[in-house]
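The sequence and structure come first.

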Amino acid sequence: MQRTKLILQPLYKFLSLLPFEIMQAGFMQRAVIVLFLLTPLCAIMGTLVVQLRMAFFSDAIAHSAFTGVALGLILGVDPRFSLIFFGMLIGIAIMRLRRKGDMAMDTTIGIIFSTSVALGLAILSAKKGLGRDLPGFLYGDILAIDDGEVVVAMILSLIVWVFLAFCYNNLLFISLHDRLARVVGIKVDALESVFAMVLALIVGFSIRAVGILLVTSLLVIPAAAARNVSGSTFSLVWIAVGLSLFASMAGLATSVFVDFAAGPAIILWSSGMFCVSICFKKN
Amino acid sequence: MISRPAVQIENLSVKFNGMEILKNIHAHIEHGCITAIIGPNGAGKTTLLSALLGLVPCSGIIRFLNENGDVYPPRLAYVPQNLEFDRQSPVTVLDFIALRHQKKPLWMGLSRSTIEASQEALEKLKVSHLLRKPIGKLSGGEIQRVLLAIALRDNPELLLLDEPISGVDVAGGHLFCDILEKLRRQRQLTIVMVSHDLSVVSQHADRVICLNRSVVCEGTTVEVLTSENLFAIYGLHAGLYEYETKNPPIPCDYNAKDKTNSSTAL
């Protein structure tokens, strides 16, 4: 714990120099750091999610958190970790079923989505008292992030940046033509599975910020808004990153000054920018 | 004409979920020729192409032979029927080519060498003006030419095309096939093309494989595209009218070096 504080101290000190009184508060400093780490990654991953038409898939992973949380509480494991682990399992399961089965992707996801939500709710309703922790995961609370989670966010962002550096091009190629990607030597099945796991990782962690119900928006809306106004992949990615950072900071400010939940405020800012982007639509 | 097989297919069978899609296929594809695979819907044309590309599990033998008749792994390139993407995507032609050309992720920008190489690849097919255009804004014919430009970048020895002119208008289809013929002549490229368009096949292909789960017949275009064979394949009385052309067909063992009136090199 002491070491964690030592790592984060310079960052906290830097943020406390900002000319806003609220930035002296530790919860605000942690929230800003996590949002700066998380939202650009969500935006870049979102460009792939939109391109690969996997918005429903990420929603399924998010909702599998019901079971992930329930299992964690029953097994005595920290639910913040159990939901990430269970989300990864669900991601892999969907990918395998899609490959092996004859069903369409959305049907496969629909079945697993409903089953995992139902299982989670069944466990929580059977074990009285477990459900009291659920609202925190449903709505998220970025202002309740602790030092340990800030460090986890740093490690997580490092993993995702490395993944994006090595795999972005191939995943984009798969989105354009799966079979052509196989012909040029891309290991499509393996790469899609890794993508599903990384997506589960980032969705699972983001639930702490905006909650199960809104986490997909963190991925999809900045990317969708950026698609409206960008003319290349490079501009798509960086516009999405810019929009997500702006929405997260504006959402955080709104939550402080208007006494509004931070998660919904961030998503509403993103939605507002999406509406504006429609007016400047290029494609 | 000396027959030099580039691909020998022996006793090839493909099954999906217990259903036999291709049964005991015996055929060969000749070096430096355009070979068309024709047949009704569900005949297994695309499956045969997939087997050649190594994308489906199959039994039997597919042997790739070099000009000396030795077995070797050729450089394969594939041009799909169309792209399966969201038309609203901002991915440009340049981005698409760069995806394979540079290791650096696209979100870190494009290198100068990537831009130059992409421009060069497109210029060869006279579509360099499409470089910065989103691929969702291209017509069917333009997409096919871009896909062909990408396929040719790896300097393939065997080019496989899956219904490259379906969804392309008549003029665009013939233009595309003219490009293929030029490629075949100038690069001595072996081309295999799945097609439904018999007029295009009769005009541009050198050899034809008629497929209906197994090989119904194979041979030169003139030998195969007869009324009897077309009736046997499609169950319809059909025939092809010959018409006079200023450009008579050029035999497929044609040597590019001897060609005096060849146009722009591809």
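A salt bridge here is a side-chain nitrogen of Lys or Arg within 4 Å of a carboxyl oxygen of Asp or Glu. The model is predicted: local features need pLDDT of at least 70, side-chain atom pairs count only at pLDDT 80 or more, and totals for chains, interfaces and linings use all residues. Residues are numbered from 1 along each chain as its sequence is written, chains are lettered from A and ligands numbered from 1 in the order in which they are written, and side-chain values use heavy atoms, with hydrogens and water left out.

**Salt bridges**

Over all chains the count is 13 salt bridges. The table lists some of them.

| Pair | N to O distance |
|---|---|
| A:Asp78 and A:Arg80 | 2.7 Å |
| A:Arg182 and A:Asp178 | 3.1 Å |
| B:Glu30 and B:Arg207 | 3.5 Å |
| B:Asp86 and A:Arg227 | 2.4 Å |

A:Asp78 and A:Arg80 belong to a network of salt bridges that also links A:Asp146, A:Glu149 and A:Arg208. For accessibility, buried means under 20% relative accessible area, exposed means over 50%, and partly exposed is in between (1.4 Å probe, protein chains only). A:Asp78 has a relative accessible area of 26% and is therefore partly exposed; A:Arg80, at 26%, is also partly exposed.

Secondary structure follows DSSP runs numbered from the N terminus, with helices (H or I) of at least four residues and strands (E) of at least two. A:Arg182 and A:Asp178 both lie in helix H9 of chain A, 4 residues apart, which is about one turn of the helix. A:Arg182 is partly exposed at 31%, and A:Asp178 is partly exposed at 25%.

In chain B, B:Glu30 forms a salt bridge with B:Arg207. B:Glu30 lies in strand E2 (residues 19-30) and B:Arg207 in strand E8 (residues 207-212), so the pair ties together parts that are 177 residues apart in sequence. B:Glu30 counts as buried at 8%, and B:Arg207 is buried at 9%.

**Contact between the chains**

Taking contact as heavy atoms within 4.5 Å, 33 residues of chain A touch 34 residues of chain B. The two chains bury about 2900 Å² between them, 60% of it on carbon and sulfur atoms; buried area is the accessible area (1.4 Å probe) that two parts lose on being put together, summed over both. Between chain A and chain B there is 1 salt bridge, and B:Asp86 and A:Arg227 meet in a salt bridge. Helices H2 (26-51), H8 (147-176), H9 (178-183) and H12 of chain A each supply at least two residues of the side that touches chain B. H8 of chain A gives the most to that side, with 10 residues.

**Aromatic rings**

Rings of Phe, Tyr and Trp (its six-membered ring) pair if their centres lie within 6.5 Å; planes under 30 degrees apart count as stacked, over 60 as edge-to-face and the rest as tilted. The count over all chains is 6 aromatic pairs. In one of them, the ring centres of A:Trp238 and B:Trp107 are 6.3 Å apart and the planes are at 65°, so the pair is edge-to-face. A:Trp238 lies in helix H12 (residues 233-257) of chain A and B:Trp107 in the loop between helix H2 (93-101) and helix H3 (112-123) of chain B, so the pair joins two chains. A:Trp238 is partly exposed at 35% relative accessibility, whereas B:Trp107 is buried at 7%. Ring pairs link A:Trp161, A:Trp238 and B:Trp107 into a cluster.
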